[in-house]
Amino acid sequence: MTQAKITIEGAENTFDQAGQDTVLRAALRAGIGFPYECNSGGCGSCKFDVLEGEVENLWPDAPGLTERDRRRGRLLACQCRAGTDLRIKVRMVPECVPVIQPRRLRARFVGMHEITHDLGEFRFVSEGGADFLAGQYAMLSIPGVGTPRAYSMSNVGNNAGGWHFQIRRVAHGAATDKLFHHLQTGDEIEIDGPYGLAYLRSNVARDIVCVAGGSGLAPMVSIARGAAQSGMLNARQLHFFYGGRTWRDICGETFLRELPGYGDRIHFHPVVSLPGDEAGAHWSGETGFVHELVRRTFGETLPNFEFYFAGPPPMTQTLQEMLMVGYQVPFEQIHFDRFF
């Protein structure tokens, strides 16, 4: 069990790394604004330089590093553990200071129910409360799976210790194979969280747009639930867009119908990108990509909304470009965490 003291050059910040923490998770656990998004090696937001000391690189080929980064000796804090005391260089980001400092806890599996043919909601219960903001995620350490996986919560923070994750089955995926086929009621996992910057901004007066694709459903359901629970929707509208490949992939409305104001202040907009699929005869709704439906629905009024979105990288990248470049939606009105 490695223990090390890590000092950030020029920032007068020193923090301790202990146990199995990465440099990133140790920093966030200490309440430091270390830049990050995915926590999984894909986005590259947590790049840093080692000035003194030695590190263990857990994933040298992580896609978040470019060849230029590797030539320069840059590393990803989410994929490194300190082997000795360190002095590092990184640009601190005040927005990354955790609102709720992440912690590790044991949680017991209590059940799963199917949402679609390949999407299920897994429910766990921990001792004490489940403290997180709507839209955040946690790192799950699953027995038999080598590295932790990032999954978003679909419920809201609660005192009962409930952690709900809507997870898509991935072909040949070690984590989803374990979850869907081998996890038994009563089994325990470790949950480390919360993490994530795309949480609900409860002090914003603008109407809300949530856009989800695939397993991006979970954080958007959490945002909708959080907005309803907090009373935000007493004076705001919430538009929930969900994009699927075929009609069999469409989901989310069941959860929204449970919320006060559905059909009045909460609106569901599903869209299918492959209506010509073998089962396409079942679909008579909107077709195309989800970002196109958002554009058709709001047009030039897009800058008037607060946006939250989650889904496959091509979806989130296209949506961000459309909003910022095509319609000049201010960056501070756009909230998403990049996952790859």
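Guide: Helices here are DSSP runs of H or I with at least four residues, and strands are runs of E with at least two, numbered from the N terminus. The model is predicted. With those terms, Q333 sits in the loop between α7 (313-326) and β19 (334-335).

Visitor: Why is Q333 called buried?

Guide: Buried means under 20% relative accessible area. Q333 has 7%, so Q333 counts as buried.

Visitor: Which residues does Q333 contact, sequence neighbours within four places aside?

Guide: R206, P303, F305, E306 and F307. Contact needs heavy atoms within 4.5 Å. Y308 is 25 residues from Q333 along the chain, and their C-alpha atoms are separated by 8.4 Å.

Visitor: What makes the pair of Q333 and the backbone oxygen of F305 a polar contact?

Guide: The cut-off for such a pair of N or O atoms is 3.5 Å. A polar atom of the Q333 side chain lies 2.8 Å from the backbone oxygen of F305. That value is within the cut-off, so the pair qualifies.

Visitor: Which residues of α7 are buried?

Guide: M315, T316, L319, M322 and L323. They cover an arc of only 130° around the axis, so they lie on the same side of α7.

Visitor: What covers the buried residues of α7, and what does the face turned away carry?

Guide: The cover includes β14 (207-213), α6 (290-298), β18 (305-310) and β19. The face turned away carries the exposed residues P314, E321 and V325. After α7 comes Q328, with a positive phi near 55°.

Visitor: How many disulfides does the model have, and what decides the count?

Guide: The count is zero. A disulfide needs two cysteine sulfur atoms within 2.5 Å. For C96, the nearest cysteine sulfur is that of C43, 9.7 Å away, so C96 is in no disulfide. For C210, the nearest is that of C251, at 14 Å, so C210 is in none either.

Visitor: Are C96 and C210 buried or exposed?

Guide: Buried. C96 has a relative accessible area of 5%. C210 has 0%.

Visitor: What makes a set of residues a nonpolar core?

Guide: The members are buried residues of nonpolar types such as Val and Phe, joined through side-chain atoms within 4.5 Å. The largest such core has 32 residues, and V23, F34 and Y36 touch the most other members. At least two residues come from each of β1 (4-8), α1 (23-29), β5, β6, β7 (86-89) and β10 (137-141). α1 gives the most, with five residues. Apart from this core lies another, of 30 residues, including A134, V221, A228 and L233. In soluble globular proteins, nonpolar side chains tend to be buried together.

Visitor: Which residues does V23 contact beyond four places in sequence?

Guide: I6, F15, Q17, F34, A77, C80, R81, A82, L86 and I88.

Visitor: Why is Q79 called buried?

Guide: Its relative accessible area is 11%, so Q79 falls under the 20% limit. Q79 lies in the loop between β5 (75-76) and β6 (80-82). Leaving out residues up to four places away, Q79 touches N39, S40, G41, E56, N57, L58, W59 and A62.

Visitor: Why is D118 called buried?

Guide: D118 has a relative accessible area of 15%, and the limit is 20%, so the label holds. D118 is in the loop between β8 (103-116) and β9 (119-126). Beyond four places in sequence, D118 contacts I167, R168, R169, F180 and D249.

Visitor: Which label, buried or exposed, goes to N39, and which to H172?

Guide: N39 is at 5%, under 20%, so N39 counts as buried. H172 is at 86%, over 50%, so H172 counts as exposed. N39 has a positive phi of about 70° without being a glycine. H172, also other than glycine, has a positive phi near 65°. N39 lies in the loop between α1 and β3 (47-52). H172 lies in the loop between β12 (162-168) and α3 (174-181).

Visitor: Which peptide bond is cis, and what is its omega?

Guide: The bond joining G193 and P194 is cis, with omega about 10°. P194 belongs to strand β13, residues 188-195.

Terms used: Residues are numbered from 1 along each chain as its sequence is written. This is a predicted model: local features need pLDDT of at least 70, side-chain atom pairs count only at pLDDT 80 or more; totals for chains, interfaces and linings use all residues. Side-chain values use heavy atoms; hydrogens and water are left out. Buried means under 20% relative accessible area, exposed over 50%, partly exposed in between (1.4 Å probe, protein chains only). A polar contact is a pair of N or O atoms within 3.5 Å; within protein, one must be able to donate a hydrogen and the other to accept it, and residues adjacent in sequence count only if both atoms are side-chain atoms. The arc is that of the directions from the helix axis to the C-beta atoms.
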